[in-house]
Amino acid sequence: MLAWAVTAVAATGAALAVLGLLGTGLTGSSSHVLSRDEVRAALSTATARAVAAPGGEPSSTSPGKLIRSPGGTVIASCDGDLVTLRSWSPAQDHSVDGVEPGPATEAQVEFEPDDGDDVELTITCVAGQPVARVH
């Protein structure tokens, strides 16, 4: 439930940030169209800022980092050398087979496809940033 709530907050924050960058509300018009790179940068920044600790207070950990893999996506953050998976979402035609969310020196999530080989992500912290290995 917590992972769903964090994902919902991140998506809402990202959408509001993009609307704010456009300089309009939901019904206004804009004179500036963002490029694909500008949109990605805005969403990345907004998603990282929207990840918060339970209760809505800002987390003392590093901002969440979005990690993509063929099996799905993960948002992870570091607190020193401890990694915590904040949320995970399987790709289409995949399901989550197992999760070790941390906080720990190593966190893992395994995405299982409808057919084919599982995709396992092992995430650690290097210099305070989440780094993933795909198996």
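The following legends accompany several close-up views of one predicted protein model.

The model is predicted, and local features are reported only where pLDDT is at least 70, side-chain atom pairs only at pLDDT 80 or more, while totals for chains, interfaces and linings use all residues. Residues are numbered from 1 along each chain as its sequence is written, and side-chain values use heavy atoms, with hydrogens and water left out.

**Figure 1. Overview of the chain.** The chain contains two helices and seven strands; both types of element are DSSP runs numbered from the N terminus, with at least four residues (H or I) for a helix and at least two (E) for a strand. Along the sequence, the elements follow the pattern α-α-β-β-β-β-β-β-β. Of the 135 residues, 30% are buried, where buried means under 20% relative accessible area, exposed means over 50%, and partly exposed lies in between (1.4 Å probe, protein chains only). The accessible surface of the chain is about 8,100 Å², and carbon and sulfur atoms provide 55% of this area. Accessible areas come from the Shrake-Rupley method with a 1.4 Å probe, and for residues only the protein chains shown count as cover. Among contacts with a separation of 6 or more, 30% are between residues 24 or more positions apart; a contact means heavy atoms within 4.5 Å.

**Figure 2. The open sheet of strands β1, β2 and β3.** These three strands form an open sheet in the order β1-β2-β3, with antiparallel pairing. Strands β1 (65-69) and β3 (82-90) stand at the edges with a single partner strand each, so one side of each has no neighbour in the sheet. From one strand to the next, the twist averages 25 degrees; the axes are lines fitted to C-alpha atoms, for helices over the stretch in contact, and angles run from 0 to 180 degrees between N-to-C directions. Strand β2 (residues 72-79) pairs with β3 over eight bridges in the antiparallel sense, two strands being counted as paired if DSSP finds at least two bridges between them. Within this pairing, glycine 72 stands opposite proline 90 in β3. Strands of a sheet pair through backbone hydrogen bonds, either parallel or antiparallel.

Figure 3. Is serine 77 buried or exposed? Serine 77, which is found in strand β2, counts as buried at 1% relative accessibility. Its side chain makes a polar contact of 2.9 Å with the side chain of arginine 86. A polar contact is a pair of N or O atoms within 3.5 Å; within protein, one atom must be able to donate a hydrogen and the other to accept it, and residues adjacent in sequence count only if both atoms are side-chain atoms. Arginine 68 is found in strand β1 and is exposed, with a relative accessible area of 65%. The C-alpha atoms of arginine 68 and tryptophan 88 are separated by 9.9 Å, although the two residues are 20 residues apart along the chain.

**Figure 4. The disulfide between cysteine 78 and cysteine 125.** One disulfide is found in the model, a disulfide being a pair of cysteine sulfur atoms within 2.5 Å. Cysteine 78 is joined to cysteine 125, with an S to S distance of 2.0 Å. Cysteine 78 lies in strand β2 and cysteine 125 in strand β6, so the pair ties together parts that are 47 residues apart in sequence. The torsion about the S-S bond is about -100 degrees, and the disulfide is therefore left-handed. Cysteine 78 is buried at 3% relative accessible area, and cysteine 125 also counts as buried, at 15%.

**Figure 5. Strand β6 and its two partners.** Six of the eight residues of strand β6 (residues 119-126) are buried, so this strand is largely enclosed by the rest of the structure. Strand β6 pairs with β5 over five bridges and with strand β7 (residues 129-134) over six bridges. The hairpin of β5 and β6 has five residues between the strands, and glycine 116 there takes a positive phi near 110 degrees. In the hairpin of β6 and β7, two residues lie between the strands, and alanine 127 takes a positive phi near 55 degrees. Valine 126 stands opposite glutamine 129 in β7.

**Figure 6. The surroundings of glutamine 108.** Glutamine 108 is found in strand β5 (residues 107-113) and stands opposite threonine 122 in β6. Its side chain is joined to that of glutamate 120 by a polar contact of 3.4 Å. Leaving aside residues up to four places away in sequence, glutamine 108 touches several residues, including Leu85, Gly98 and Val99.
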